Amino acid sequence: MQIDLGGRTALVTGSTSGIGYAAAESLARAGATVLVHGRGDERVSGAVRRIREATGADVGGVAADLGNAEGAARIIADVPDVDILVNNAGIFSGMGFFDIPDEEWQRIFEVNLLSAIRLARHYTPRMVDRGWGRVLFVSSDSALQIPTEMVHYGVTKTAQLSVSRGLAQTVAGTGVTVNCVLPGPTLTEGVREFIQDQVGRDMPFEAAERVFIAEHRPTSLIRRLLRPAEVANMITYLASENAAGTTGGALRVDGGLVSTIIP
Ligand SMILES: NC(=O)c1ccc[n+]([C@@H]2O[C@H](COP(=O)([O-])OP(=O)(O)OC[C@H]3O[C@@H](n4cnc5c(N)ncnc54)[C@H](OP(=O)(O)O)[C@@H]3O)[C@@H](O)[C@H]2O)c1
């Protein structure tokens, strides 16, 4: 299967690191013009340079905090139109249910959910006018298995499934597809730190990863963390013409972690 995104423009939110960075690089390799996004100019321009060097693609960048409406408005002002929107930016904070104050619920709701809604609300009608578009939400296995140490995070990830399905139904028959991708635990810098905190820093990371999976994620069928590129592969496929038959879906890239056959 050839994936050719030549002539398409893609915005990946939260793409200075982790899954978003891998997705931006993968979309650029497939020929898309890519817009990298993060909060600060320095990290954005660093990621733009690295992806340009790695792929030779046309890569631009935009910086804005998605914790408020102004941030989404800034992105829209800088980048009025895209063919592919990957709502990837997301944050988490480990807190027991009784300790999560309103402000933290609001912060995580703004970044993980409302910012994605704001961007989808702007870009999707333009895709519909052109008769082609892709909207993707990067959700999580936590949408299906709510973690008790971060219920607020799980709530935003489950809500993304509803938003995605509702939007897919709204644009039925237009050539625009809307889907959710549900990664399982993925080896990003934040997750590396988290595992070393959990398992101990004296162990080589490969051993710490095995212990973490065995003790904390025993249902993983691949018995390891996902790699960001593996999640990026699914995002790139769904962004392509090849995936025109898939919409309104929730696709897992979780190494079999969630013990269900469907979705
Ligand atoms: N890693 C995992 O194990 C895992 C598993 C399942 C689902 N996910 C989901 O996958 C997505 C990416 O996760 P990741 O682990 O790859 O993330 P990451 O490495 O922590 O990167 C987060 C990205 O989001 C940006 N960001 C953070 N706060 C922001 C804000 N307030 N406004 C705008 N941008 C902001 C960061 O940019 P700057 O720091 O440059 O501003 C960075 O580019 C998230 O939606 C997450 O919930 C991750």
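This is a predicted model: local features need pLDDT of at least 70, side-chain atom pairs count only at pLDDT 80 or more; totals for chains, interfaces and linings use all residues.
**Entry 1, domains.** I looked up how the protein is divided. I found domain 1, made of 9-185 + 227-253, and domain 2, made of 187-225. I then took the centres of the two domains over C-alpha atoms and noted that 25 Å separate them. For the contact, I listed six residues from domain 1 and six residues from domain 2.

**Entry 2, the interface.** I looked up how much area domain 1 and domain 2 bury between them. I wrote down about 730 Å², with 53% of it on carbon and sulfur atoms. Next I searched across this interface for charged pairs and found two salt bridges. I also searched there for polar contacts and noted three residue pairs, both residues of each at pLDDT 80 or more. I then asked which helices supply at least two residues each to the side of domain 1 that touches domain 2. I found α1 (18-29) and α8 (228-238). By class, I sorted that side of domain 1 into three nonpolar residues, one polar residue and two charged residues.

I looked up what surrounds the ligand and found 29 residues. I recorded the closest as Thr-16, Arg-39, Arg-43, Asn-88 and Tyr-153. I then went through individual atom pairs. For Ile-19, I noted a polar backbone atom 2.8 Å from an oxygen atom of the ligand. For Asp-65, I noted an N or O atom of the side chain at 2.9 Å from a nitrogen atom of the ligand. For Lys-157, I noted a polar side-chain atom at 2.9 Å from an oxygen atom of the ligand.

I searched the whole structure and found 11 salt bridges. I looked up the pair Arg-224 and Glu-230 and found a salt bridge, with the closest N and O atoms 2.8 Å apart. I also looked up Glu-104 and Arg-107, and their side chains meet in a salt bridge at 3.0 Å, N to O. I asked where Glu-104 and Arg-107 lie. I found both in helix α4 (residues 102-130), three residues apart, which is about one turn of the helix.

Conventions. Residues are numbered from 1 along each chain as its sequence is written. Side-chain values use heavy atoms; hydrogens and water are left out. Domain bounds come from an automatic or database domain assignment. Contact means heavy atoms within 4.5 Å. Buried area is the accessible area (1.4 Å probe) that two parts lose on being put together, summed over both. A salt bridge is a side-chain nitrogen of Lys or Arg within 4 Å of a carboxyl oxygen of Asp or Glu. A polar contact is a pair of N or O atoms within 3.5 Å; within protein, one must be able to donate a hydrogen and the other to accept it, and residues adjacent in sequence count only if both atoms are side-chain atoms. Helices (H or I, at least four residues) and strands (E, at least two) are DSSP runs, numbered from the N terminus. Ala, Val, Leu, Ile, Met, Phe, Trp, Tyr, Cys and Pro count as nonpolar, Asp, Glu, Lys and Arg as charged, and the others, Gly among them, as polar. A residue is near a molecule or strand if one of its heavy atoms lies within 4 Å of it.
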